[in-house]
Every structure is written in structure tokens, then in C-alpha cells.
Amino acid sequence: MYVAVKGGERAIENAHKLLAEERRGDPATPEIALSQIDEQLSLAVDRVMTEGSLYDRALAALAIKQARGDLIEAIFLLRAYRTTLTRFGASDPIDTAKMTIRRRISATYKDLPGGQVLGPTFDYTHRLLDFSLADEAAPALAAEVPAEPGSAMPRVADLLNQEGLIEEEAPGEDAAVGDVTRNAMTLPANRDVRLQLLARGDEGFVLALGYSTQRGYGRNHPFAGEIRLGEVAVEFTPPELGFPVTIGEITVTECQMINQFKGSAERPPQFTRGYGISFGHCERKTMAMANVDRALRADDLGEEVTAPAQDEEFVLYHCDNVEASGFVQHLKLPHYVDFQSELDIVRRLRADFEARRTGEAAE
Amino acid sequence: MAVLAKASAEAIEALWSALPDRPAWTHLRPPEIGMVMVRARAGGAGQRFNMGEMTVTRCVVRLAGGGTGHAYVAGRDGRHAELAALIDALMQIPARRDEVRRSVIDPLAATQAEARARVARRTAATKVDFFTMVRGD
């Protein structure tokens, strides 16, 4: 129970002024520009757009600045902002097969058509602090080699598909597409709703659950079939035009996980799939998301649900960091009356307890 | 429209300003910022789902001599949407279509193609060339 308490106005106002000054830091240090956040903290921007569920680099950069680098607070700011905008409609599904590839790797095939393309990756760095970055120095120019024109990058899953050894994804165009921003989730949830929630879900939570599946809690033995990063065109059909127009390009990361499946009474032994996708370059998130997506398909595949990552209710109700952060942090709100009544109860119980003990000692 | 959507407002502005005989125009719908829900497919090819939204600005203009132009462009730059709609409107006029394509669309497309080619060259430099070590006796 909350009670309206007056008297905090001035304190709040002054606290916000103090916050603004702390945010700015030492005035002798140059103020950070949004373009610097966008360009030089680009992966923070990517995460805020993905979990804030709104693709807009400048807004995400502003949110990060306002939140003093607290990414979950920034995500909250972006989510709040999006509620002020009209939605013109939904895009046609993006086609990741037509991505302009900047990175594409597979852990299942060494020599796949199109090859292993590393792109801008932290992999193979030694994770030693680079003290040269402490000074302002221009990096060495990236190497360039002639690109093979039109070299196709088929999806790895499609290669396995040719042998029929992996389950096929069915488009299912007739089904309505669930939207948790418009309708409250109901259980059991369909895969479209699960994927939407996981895509905007907290990276830390999804990462830990994805990790748990690899450690044996809902084991399904994943292989990173393919990870790709690049730009895709977004097409939208305005109702007044009636034909699709390209409204721009967005950067996305996609992970196709390939999982073992022993088969069931209805299905032959074959590989199954888990899927992860994000705005920008959130590779770890997409891999973890693919693991959790696969784990949540336990029911569909007739597997026994034994682990947290397979438990739809547990995963879907706890993966959103704006909701989680709100509920945990609401504990800061005044609970004075609640606490008074708890205090009364404990005092009474304690008095009873003491009386009983004294009585027993007397006997 | 794809070329205009991917171009910056500044780049279109420069080419638009250089066009001869720019007609007078009015807004039928002034620039409006909104969102489009981006959809993706499970596994890239399967069931559709809502991935997250993106900001989009739309605008409709009418030229003084008749003809309307529509634009939906990613982001929140009203001038970008306005310019894209103006170029779209001019392209609807058969007598001007080729000229506008030559002096606005083609140069923007060329710049974008060069940027893509540069990305492709830099990306290609990170392609792994596997070689197998042969064990000698």
C-alpha cells in the first residue's frame, strides 16, 4: 500500500539538479557529443536499440547520454519515447538472405559457399588492455581486397535442407502476428510472441539462460550454424500507395543455431533450429537468444520440460529488463504503512513467543 | 524511393537546389514522425514475428503544376522526407522523369554503390583462406 506523502518537492527538484551536474561531470572535461556515442560506443547504441525495441541511433545515443551510460535506464527512456509516436504500420518481413554481409561465420562448415568472413570482431583479440587507446591516435587503415562480385552467401540451414536433415521453417502466412506492445501476452505463447519478447529481452538474462542450456539444464547441443551481420533493406507498403517502398536500411545480426534432435513418435531424427536476431551488432545476444528459442520449443517438439530455460512462463515473464527493473526498484517507494503493520505483527508474535517461553520455564 | 530513403537530406538537398525549374509546391501532409514495426521471420524464412520498431518520417507534397509525391524515410528528419517527396513528385511528371533520374537519382545511387563497394572490399579482406598443413615424414 502506498500513501501520498507530501513535502518532498524541494528535495526532488534539488536532487534532479544535482543529477544533471553529476551527469555533466567535471566542466573542464569536454562534453560528449551524441555523434561520439553513436560512432565510438556503437555497440552500446546497438544494445539500447535492440532492447529498447526502437531502431534510431541518434535517439539511443541521447538516451545513453541522459542515463549516464546506464544502458537499462537508457532502454527504459527509449521505450517511454516510443509510446509517444504513431505507428504507420508493419514492414514486410526483412529478408536476411539478401543482407549486405559485413560478417558471416559458420561453426558447422569450414568451406561453405561465400566463405568465412570475420568482419569487425573481438574474436581472436587477446583481451589485453590496449594502452595506445588511452591516447588519441588514428588506427591503421583497414585492408581492402577486391570483392568477388555477387558472391552468394547461401544460408547454412538451406545447405542442410537440401538433404532433408534439418527441419524446415514454414512461413505460415495466414497466422496473425502477435504483438506484445499491443496485447498482453497469454500462455501458452506462440513462437512469434516468444521471439518478439526474446528480441527485446535483457541480454544478461537471456545470456544466462542460454548458457544454462549448454550446461545441461535443457540440453539440446547447439552448433552455431551461422552468424551474419550486415545491412538489410526495410520495405513497407503504405496503405495509400498499395505497393511496397524501401524506407531505409537497418543493421542486423542474425544467429541460426542448429541443434541435435533424436526424433519423436511423429518426427524423424533430424537437426532442429533456434533463431536469434538483433538490431545492430549484438552477437552474443543473438546466440543466447537462439539457444533459448530452441529450449522454449521443447513442448512443440515433444520434449520433457525440466529446466528453467524451457519454462515458457518463467522465461517470458522475466526477460524484460524494463519490467524487471521497475518492479525491483519500486521497492524504493514509500512502504511506510505496509511496514508499520508488519512491525505490529512481529511485535505481537514476539510478545506471544516470550510469554510462552516464560510460561514453560515456570512449569 | 530506395535510393532517396538511403541518402542523407544534405545530399538530396544539394542536388535538388541545383535543379533548374523547381516548381512551387505545398504540403498535402507535412512531415510527420512515426514508427514502422519491423518484421522478421523465424529462422530467416519461417513464421513472421515483430522484431522491434524503427522511426520513420512521412510526407506528401503537391506541385504547383499538379502532381503529388509521397515519401516514407527512416529516421526523424522532416526535411529528408520533404525532399524525397518532392523528387518523387517530379519523377511522376513524364517530361521531367529522365532529367531528374540523371541529375538526382543516378548520382545518389553511384555514391551509395561506391560506399557499398568499399564495405565489400574491406569485408573481403577479412575472409579466411584455409590451408591444410600436410604432415611430412
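A salt bridge is a side-chain nitrogen of Lys or Arg within 4 Å of a carboxyl oxygen of Asp or Glu. By this rule the count comes to 40 salt bridges over all chains.

Some ground rules before we go on. This is a predicted model, in which local features need pLDDT of at least 70 and side-chain atom pairs count only at pLDDT 80 or more, while totals for chains, interfaces and linings use all residues; side-chain values use heavy atoms, with hydrogens and water left out. Residues are numbered from 1 along each chain as its sequence is written, and chains are lettered from A and ligands numbered from 1 in the order in which they are written.

Let me show you some salt bridges. Start in chain A. A:Asp111 bridges to A:Lys110, with the closest N and O atoms 3.1 Å apart. How open are these two? A:Asp111 has 59% relative accessibility, so it counts as exposed. A:Lys110 has 43%, so it counts as partly exposed.

Next, a pair inside a helix. Helices here are DSSP runs of H or I with at least four residues, strands are runs of E with at least two, and both are numbered from the N terminus. A:Arg350 and A:Glu354 form a salt bridge at 3.9 Å, N to O. Both lie in helix 12 of chain A, residues 336–362. They are four residues apart, about one turn of the helix. A:Arg350 is exposed at 52%. A:Glu354 is partly exposed at 32%.

Now chain B. B:Glu99 forms a salt bridge with B:Arg96, closest N and O atoms 3.0 Å apart. Both sit in helix 4 of chain B, residues 94–124, three residues apart, about one turn of the helix. B:Glu99 is partly exposed, at 22%. B:Arg96 is buried, at 12%. Salt bridges with shared partners also link A:Arg82, A:Arg87, A:Asp179 and B:Glu53 into one network.

Stay with helix 4 of chain B. It packs against helix 3 of chain B, residues 78–91, at an angle of about 145 degrees, with the axes 8 Å apart. Axes are lines fitted to C-alpha atoms, for helices over the stretch in contact, and angles run from 0 to 180 degrees between N-to-C directions. Which residues of helix 3 of chain B make the contact? They are B:Ile87, B:Leu90 and B:Met91. Contact means heavy atoms within 4.5 Å. Ala, Val, Leu, Ile, Met, Phe, Trp, Tyr, Cys and Pro count as nonpolar, Asp, Glu, Lys and Arg as charged, and the others, Gly among them, as polar.

Back to chain A for another helix pair. Helix 3, residues 42–52, and helix 4, residues 57–66, have axes that come within 9 Å and cross at roughly 100 degrees. These two helices of chain A are therefore roughly perpendicular, a label that covers 65 to 115 degrees; under 35 counts as roughly parallel, over 145 as roughly antiparallel and the rest as oblique. Among the contact residues are A:Val45 and A:Met49 of helix 3 and A:Ala61 and A:Ile64 of helix 4. This contact divides into seven nonpolar, one polar and two charged residues.

Now the strands of chain A. Strand 4, residues 222–236, has 11 of its 15 residues buried, so it is largely enclosed by the rest of the structure. What does strand 4 pair with? Pairing requires at least two DSSP bridges between two strands. With strand 3, residues 100–105, strand 4 pairs antiparallel over five bridges. There, A:Thr100 stands opposite A:Glu231. With strand 5, residues 245–259, strand 4 pairs antiparallel over 14 bridges. There, A:Val234 has A:Gly248 as its bridge partner.

Last, some backbone details. A cis peptide bond joins A:Leu187 and A:Pro188, with omega about -5 degrees. A:Pro188 is in the loop between helix 6 and helix 7 of chain A. A:Ser53 is not a glycine, yet its phi is positive, about 60 degrees. A:Ser53 is in the loop between helix 3 and strand 1 of chain A. Buried or exposed? A:Ser53 counts as buried, at 3%. B:Asp21 also has a positive phi, near 55 degrees. B:Asp21 lies in the loop between helix 2 and strand 1 of chain B. At 64%, B:Asp21 counts as exposed.

Methods: Buried means under 20% relative accessible area, exposed over 50%, partly exposed in between (1.4 Å probe, protein chains only).
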